[in-house]
Amino acid sequence: METHESKNEIDVLVVGAGITGIYQLHRAREAGFTALLVESGSGPGGTWFWNRYPGARFDSESYTYGYLFSKELFDEWEWQEHFAGQPEIERYLNHVVDRFDLRRDMRFDARVTSAVFDERAERWTVALNDSAEYSARFVVAATGVLSVPFFPAVVGREDFRGESLHTGLWPIDGVDMAAKRVAIIGTGSSGVQLVPVIADDVASLTVYQRSPNWCTPLNNAAITAAEQSDLRVNFESIRETLNTSIAGFLHEPNDKSAFDDTAEDRQAFYEVMWNSPGFTKLTSHYKDILFEPTANAEWCEFIATKIRELVDDEETADRLIPKDHRYGEKRPPFVNGYFEAFNNAHVSLVDLSATPITRITEAGIETGSGLEEFDIIVWATGFDFGTGALNRMGIRGREGRALEDHWADGPCTFLGVQTTGFPNLFFPGGPHAAAGNNPRYNGDQVDFITEVLIDARERGNSVIEVDPAAEDEWTGMVDRWARHGSFTEKSYYYGTNVPGKPRRYLLNSGGRPKLFSVIAEVIENEYRVFRPSPPE
Ligand code: N01
């Protein structure tokens, strides 16, 4: 597309080497664009590079989370487990990068410090932390939703003299926890994965819980040889299902409502759900389980009973049972041995709702009931979800407008791929992107963006900028439909976990069907929505 005056002048600059960015680099190159991917980490993986804490693993089935664009890739990579652990995921992503010879167009340890749109040149000037500068016609910021770790403003956090870690910034060389006194603050999906995996190694483990979650078993297993062969034989139908299913999973939906069954049958079905893998507990459950309050309460009571059976100490069991939200109001974590870990004498639970942290000292954590000393404090306190990375990248659009100002009241987007005033900038896998098995939605967005770029090239358009009316319509839909979904403002999906962040829904509340239908309309209208009108 471009006449390349220097090697720092490219068509497409991709930011982020997560699953989405890697795929975007591949698609852009395949379509004949010159492309470069820059990544602040020292290797590929994105979320799966940074979140290398012990126990980090998929909770979507491995073969539904990986790429589907190449049958050969699918055939040659044999996932070892239905829910792969971080090391295997990282190996897979490195394999993909090498398999498609992408590494030569990737730069690691390269953090974007600013991206400024030059209106005259109709190009982005992108600066990196090492003083390199690139001029790109298009920027695709695949910076992810869970890439800015959140540390709460607890008094004295910097004073701690031991080792202070965040699950989302886990050291690449690992951490020796053997015989150490360890604290974990936070019991979201990360904290509850970490607890059982380190429990046996450490001298003591104290879990600081502000609010418990509705955790149910992941039910992971090794993939048998017969299953491996079925996956290969059925690739085309698996791909077809994943490319069209509502939430990007292979799971069979259930057309039954809870009260279609007798009380006895419901209990039997809850038992089936408890023993079913991962997200089937949402996708294959009674179709009204998230919205029928009595059924939801009954399912919660079923889980509570399980927790009481699994945890020996009655008081601890009671503290592990959520009282403040129904099932599905927040993103439920999936666990393996989490509840059982509390049966070890050296593992304890501190209920922060009763005894909040007053401060961190040089030696440990002080709560209403005194100081406990530690060698390691792990902050499993989540992320500035959705907009965190984009708002920190120094993105400046038309007339120097800052993206973080444009989104001061929360994100407004078209299809979760573009926002007005920031021409030639795309952000797949960001706010309003997914609401299910992320790589499937994010891949849909990458495919669409690539078609938009190809269309612009064919027409000789150098500027792609969404019509403000289309953005208003999409954003209005996201905000309105969010009120009909199961997640509430108790969830970080509304930005609630970060003080001062606008309360605005950050997922695509229309889901994949809405994404597909709007994409189809855009294509039918020959991408007109992306062609800015000439000034009058
Ligand atoms: O973060 P979270 P996460 N004092 O925000 C607590 C994905 N993921 O990293 O609930 C004390 O869920 C906070 O308490 P509360 C997945 O999408 C996937 O665990 O706000 N505690 C909460 O317990 C997941 O949803 C996998 O009261 C404080 C915790 O910190 C997302 O990442 C694995 C606090 C934060 O939980 C984020 O999960 C891991 C404070 N001041 C993660 N502030 C898979 O299995 C916050 N907390 C694929």
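1. In this predicted model, strand S8 (residues 181-185) and strand S9 (residues 204-209) run parallel and are joined by 5 bridges. Within this pairing, Ala183 faces Thr206 of S9.

2. S8 and S9 belong to an open sheet of 5 strands, ordered S7-S16-S8-S9-S12, in which the pairing is parallel. The edges are formed by strand S7 (163-166) and strand S12 (347-351), each of which pairs on one side only. On average, and with direction ignored, neighbouring strands of this sheet are turned by 20° against each other.

3. Helix H6 (residues 189-198) lies across S8, S9 and strand S16 (376-379). Relative to S8, the helix H6 runs at about 160°.

4. Helix H5 (residues 86-99) comprises 14 residues. From first C-alpha to last, H5 reaches 20 Å, which is close to the 20 Å expected at 1.5 Å a residue.

5. Which residues of H5 are buried? They are Gln86, Glu88, Ile89, Glu90, Tyr92, Leu93, Val96 and Val97. The packing partners of these buried residues are helix H1 (19-30), helix H2 (47-50), helix H4 (71-76) and strand S3 (106-107).

6. Most residues other than glycine have a negative phi. Just after H5, Asp101 adopts a positive phi of about 50°.

7. Asp109 also has a positive phi, near 50°, and is a residue other than glycine. The residue is placed in the loop between S3 and strand S4 (112-118); S3 is also among the elements against which the buried residues of H5 pack. Is Asp109 buried, partly exposed or exposed? With a relative accessible area of 49%, Asp109 is partly exposed, because the exposed class begins only over 50%.

8. Asn424 is not a glycine, yet its phi is positive, at about 60°. The loop that holds Asn424 runs between helix H14 (403-406) and strand S18 (425-426). The relative accessible area of Asn424 is 0%, so this residue counts as buried, the limit being under 20%.

Key:
Residues are numbered from 1 along each chain as its sequence is written. This is a predicted model: local features need pLDDT of at least 70, side-chain atom pairs count only at pLDDT 80 or more; totals for chains, interfaces and linings use all residues. Side-chain values use heavy atoms; hydrogens and water are left out. Helices (H or I, at least four residues) and strands (E, at least two) are DSSP runs, numbered from the N terminus. The expected span of a helix is 1.5 Å times one less than its number of residues. Buried means under 20% relative accessible area, exposed over 50%, partly exposed in between (1.4 Å probe, protein chains only). Contact means heavy atoms within 4.5 Å. Two strands pair if DSSP finds at least two bridges between them. Axes are lines fitted to C-alpha atoms, for helices over the stretch in contact, and angles run from 0 to 180 degrees between N-to-C directions.
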